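Please examine the protein chain and its ligand shown below.

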Amino acid sequence: AISKEAEQDVQQQSALSDDQPRKLLTVNQVEREFQVGGTPLRVLKGINMELKERELVMLRGRSGSGKTTLLNSLGGLDTPSSGEIWFNGLPFHSMSDDERTLVRRKHMGFIFQAFALMPLLSAWENVELSLRMAGTGRSEWKERVTHCLELVGLEKRMHHRPFELSGGEQQRVAIAKAIAHKPMLLLADEPTAELDSGMSAQIMAVFQNIIRTEQVTICMTTHDPTILEVADHVYEMVDGKFV
Ligand code: ADP
């Protein structure tokens, strides 16, 4: 029952939106501590941030600075030791795992460095699988899969399997897959790390395109200085803090 209420809250908040970008995510004093061999390791040290609708935000910093841990917390894949994360008006930090999973499945999409596609399925089938898993009605699949693959510029490669596609094309399939269920928030961990600079630029162009057309907010980690200029905000992380 609580999950249903949480769900309704998200829907109501969306219905209120007008042309002004609203706050989608607010992070207050988030800390994360891991126990490593009995010794506490503080990985996030008092993080504060805000994401508005239709923003492209980048988390930049050296390996080990805490970017992935923070991104995982925003997506509910990791839980902060203390602090608050509000997603679209909902207290993500104090929800049960089940409630958080429900919100995540419905309203968030994830993209990883290593594409994470099903190797034996075509681009089309990969995107369709994601709609199937999200519980989208079968009658909507064809139109939505076509739309998403067109958005990422793969209309001519729909029936290719991952091994028949370049790295950049595989990442574009992964993006189509991540946005198929119309999430509000897209979280991407080093989405261009495996790609050369031409392909990275293409991925950023795709991100800008889907922000415009799908009204999604994107938060991504990167250590690539050449793509920073397309971000609305860049948060620089050093040793678990923003500087
Ligand atoms: P980045 O993404 O910037 O490379 P991470 O968030 O992956 O940084 O890692 C930050 C620090 O937290 C690293 O020192 C890493 O070893 C540590 N860390 C991450 N996850 C865990 C975990 N599950 N258990 C213990 N230590 C972890």
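The chain has an average pLDDT of 92, and 92% of the residues score at least 70. For the complex, the predictor reports an ipTM of 0.98 together with a pTM of 0.91. Within the chain, confidence is lowest in helix H1 (residues 2-15), where the mean is 57, and highest in E10, at 98. Where pLDDT is low, predicted coordinates should not be read in detail.

The UniProt record, an unreviewed entry, lists residues 25-243 under "domain: ABC transporter". In the model this span is 35% helix and 29% strand, and its end C-alpha atoms lie 20 Å apart.

E1 and E2 run antiparallel and are joined by eleven bridges; here arginine 32 stands opposite leucine 44 in E2. E1 is also joined to strand E4 (residues 82-87), again in the antiparallel sense, by five bridges. Valine 27 has isoleucine 85 in E4 as its bridge partner. E4 in turn is joined to E5 by two bridges, and these strands run antiparallel, with proline 91 in E5 as the bridge partner of tryptophan 86. E4 and E5 form a hairpin in which two residues lie between the strands, and asparagine 88 in that turn has a positive phi of about 50°.

Another open sheet contains six strands in the order E6-E7-E8-E3-E9-E10, and its pairing is mixed. Strand E6 (108-111) and strand E10 (241-242) are the edge strands, each pairing on one side only. Inside this order, strand E3 (residues 56-61) pairs with strand E8 (residues 217-222) in the parallel sense over five bridges.

H2 lies across E3, strand E7 (185-189), E8 and strand E9 (233-238), and runs at about 160° to E8. Helix H6 (residues 167-179) lies across E6 and E7, running at about 165° to E6.

Which residues surround the ligand? The shell is made up of Phe34, Val36, Leu41, Val43, Gly61, Ser63, Gly64, Ser65, Gly66, Lys67, Thr68 and Thr69. Strand E1 (23-36), strand E2 (39-52) and helix H2 (67-74) are the elements that give two or more residues to this shell. H2 gives the most, with three residues. By class, the shell has four nonpolar, seven polar and one charged residues.

How values were computed
Residues are numbered from 1 along each chain as its sequence is written. This is a predicted model: local features need pLDDT of at least 70, side-chain atom pairs count only at pLDDT 80 or more; totals for chains, interfaces and linings use all residues. A residue is near a molecule or strand if its C-beta atom, placed from the backbone, lies within 6 Å of it. Helices (H or I, at least four residues) and strands (E, at least two) are DSSP runs, numbered from the N terminus. Ala, Val, Leu, Ile, Met, Phe, Trp, Tyr, Cys and Pro count as nonpolar, Asp, Glu, Lys and Arg as charged, and the others, Gly among them, as polar. UniProt positions are given in the numbering used here, feature names are shortened, and annotations may be inferred rather than shown by experiment. Two strands pair if DSSP finds at least two bridges between them. Two residues are in contact if their C-beta atoms, placed from the backbone, lie within 7 Å. Axes are lines fitted to C-alpha atoms, for helices over the stretch in contact, and angles run from 0 to 180 degrees between N-to-C directions. pLDDT is the predictor's confidence in each residue, from 0 to 100.
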